[in-house]
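Student: I would like to go through some side-chain and helix packing. Can we take it one question at a time?

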Amino acid sequence: MLVEKNVPLQPFNTFHIVAKAHTLVRITSAADVVQVLADPVLQAAPKFILGGGSNIVLTGDVKAVVLKVEIKGLRVLEDTPRAWVVEAGAGENWHDFVAWTLAQGLPGLENLVLIPGTVGAAPVQNIGAYGVELQDRFESLDAVDLQTGQTFTLNAAQCAFDYRDSVFKHAAAPADVASGRPAGGEVLRPVGFGLAGRALITSVRFRLPKPWKPVLGYLDIEKKQAQAGVTHPTAQQMFDWICEIRRAKLPDPAVIGNAGSFFKNPTVTPEQCADIIARDPKIVHYQLADGRVKLAAGWLIDACGWKGKSVGQAGVYEKQALVLVNRGVSSSGADGATGGEVMTLAKAIQTSVYERFGILLEAEPVVV
Ligand code: EPU
């Protein structure tokens with residue numbers, strides 16, 4: 001366990017916002033967490049779990065003890081006629097993990113390539129892209145309860161996955177069933193409570209079904225298929241195409257600081273949608289299985305004229321209005337946008353979308 005003081009967080013958040021952690025502990029194993037909890041000073045302090053920093057907006061120095069998850073390890077656990085099961089340490093880089101699975105000949109995660117962040121953060125917001133969500137490939141995860149030091153295992157139902165949502169994003173109840181669950185032992189279903197800030201995820205397992213089938217159907221992927229003249233793509237082709245699609249429309253955080261989509265795509269009732277279509281016939285919308293309708297937040301923001309606009313050094317990406325960017329020079333170490341500027345911009349966007357469409361956009365990143 002390595003405890004550091006006054007640590008610059010600019011390299012550890014993909015927005016490249018300047019802020020410091022008063023205390024930062026690098027967590028390389030579940031045993032490190034137990035050590036933190038055994039330390040009288042660290043144990044009593046509030047804690048903030050940091051993965052790849054790809055879904056946070058830092059609005060100042062972090063006073064809580066930052067637990068930076070650096071737990072490594074990649075392995076194949078099962079290879080049966082029906083599936084491969086693979087496991088990754090929570091501190092592994094997500095994209096590198098996906099690339100590793102394909103290099104091992106284990107397809108199934110290729111639609112989720114190039115999503116920034118770590119393996120441990122992926123279940124927190126149930127990452128998704130091009131018709132696949134993490135929950136579609138999820139097997140189980142191990143975590144440590146930061147209140148009790150107990151390790152426990154959760155299956156998909158217990159993670160309560162939803163669109164960009166899980167049990168890890170909801171506030172913890174003061175006394176709940178997370179305590180006392182032995183690792184690998186019987187797990188209790190978390191009903192009506194959350195584990196936000198309480199569960200430090202240490203490893204995640206994925207079930208990759210056999211036989212592999214590509215998940216197609218997105219217009220951008222169909223265009224790539226048509227260009228290549230390929231009807232039945234391989235997993236590697238899907239990987240390459242989705243990398244190209246993402247690179248063409250999303251900023252690379254190594255070059256331009258950002259946190260991916262800043263807002264969730266909102267869902268509305270068919271009546272609300274019909275009302276908006278009557279006023280804005282071009283609105284991009286998708287019918288959901290439950291009868292509700294999902295609207296493209298990027299389109300709503302774009303329609304309000306936000307593309308390319310800025311507040312201070314925080315801006316709306318020119319090629320995709322759903323992504324807010326840090327216009328300061330990120331990788332050079334220059335100061336760039338503050339978290340306050342990002343949030344002022346986000347609130348102005350929410351207000352203008354609400355005034356025009358009557359829809360309140362929900363931000364994806366955690367504001368720290
Ligand atoms: N659109 C515009 N103007 C814009 C942006 C989008 O008109 O500035 C329109 C597009 O033309 C398209 C529609 O909005 O018709 C949807 O855009 P896109 O296909 O790019 O997908 P998205 O809804 O913006 C979601 C995810 C992305 C994921 C893509 C592909 C959310 C919040 N975002 O974006 O996830 O990569 O679908 O599956 O669900 C992320 O979460 O960080 C992320 C990038």
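Student: Which residue lies over the face of F12?

Tutor: This is a predicted model, in which local features need pLDDT of at least 70 and side-chain atom pairs count only at pLDDT 80 or more, while totals for chains, interfaces and linings use all residues. Residues are numbered from 1 along each chain as its sequence is written, and side-chain values use heavy atoms, with hydrogens and water left out. A charge sits over a ring if NZ of Lys or CZ of Arg is within 6 Å of the ring centre and within 35 degrees of the ring normal. At 4.5 Å from the ring centre of F12, the residue over its face is K68.

Student: Is K68 buried or exposed?

Tutor: K68 is placed in strand β5, residues 65–69 (strands are DSSP E runs of at least two residues, helices H or I runs of at least four, numbered from the N terminus). Buried means under 20% relative accessible area, exposed over 50% and partly exposed in between, with a 1.4 Å probe and protein chains only. The relative accessible area of K68 is 11%, so K68 is buried.

Student: How do the rings of W94 and F97 pair?

Tutor: Both residues lie in helix α3 (residues 94–103), three residues apart, about one turn of the helix. Rings of Phe, Tyr and Trp (its six-membered ring) pair if their centres lie within 6.5 Å; planes under 30 degrees apart count as stacked, over 60 as edge-to-face and the rest as tilted. For W94 and F97 the centres are 5.6 Å apart with 65° between the planes, and the pair is edge-to-face.

Student: Which residues form one aromatic cluster with W94 and F97?

Tutor: W94 and F97 are both buried. The cluster that holds them also contains W100 and F206.

Student: How is α3 oriented to α6?

Tutor: Axes are lines fitted to C-alpha atoms, for helices over the stretch in contact, and angles run from 0 to 180 degrees between N-to-C directions. The α3 and α6 axes are 10 Å apart, at an angle of about 155°. Angles under 35 degrees count as roughly parallel, over 145 as roughly antiparallel, 65 to 115 as roughly perpendicular and the rest as oblique. That angle therefore makes α3, relative to α6, roughly antiparallel.

Student: At what angle do the axes of α5 and α6 cross?

Tutor: Helix α5 covers residues 219–228 and helix α6 residues 235–249, and their axes come within 10 Å. The angle is roughly 120°.
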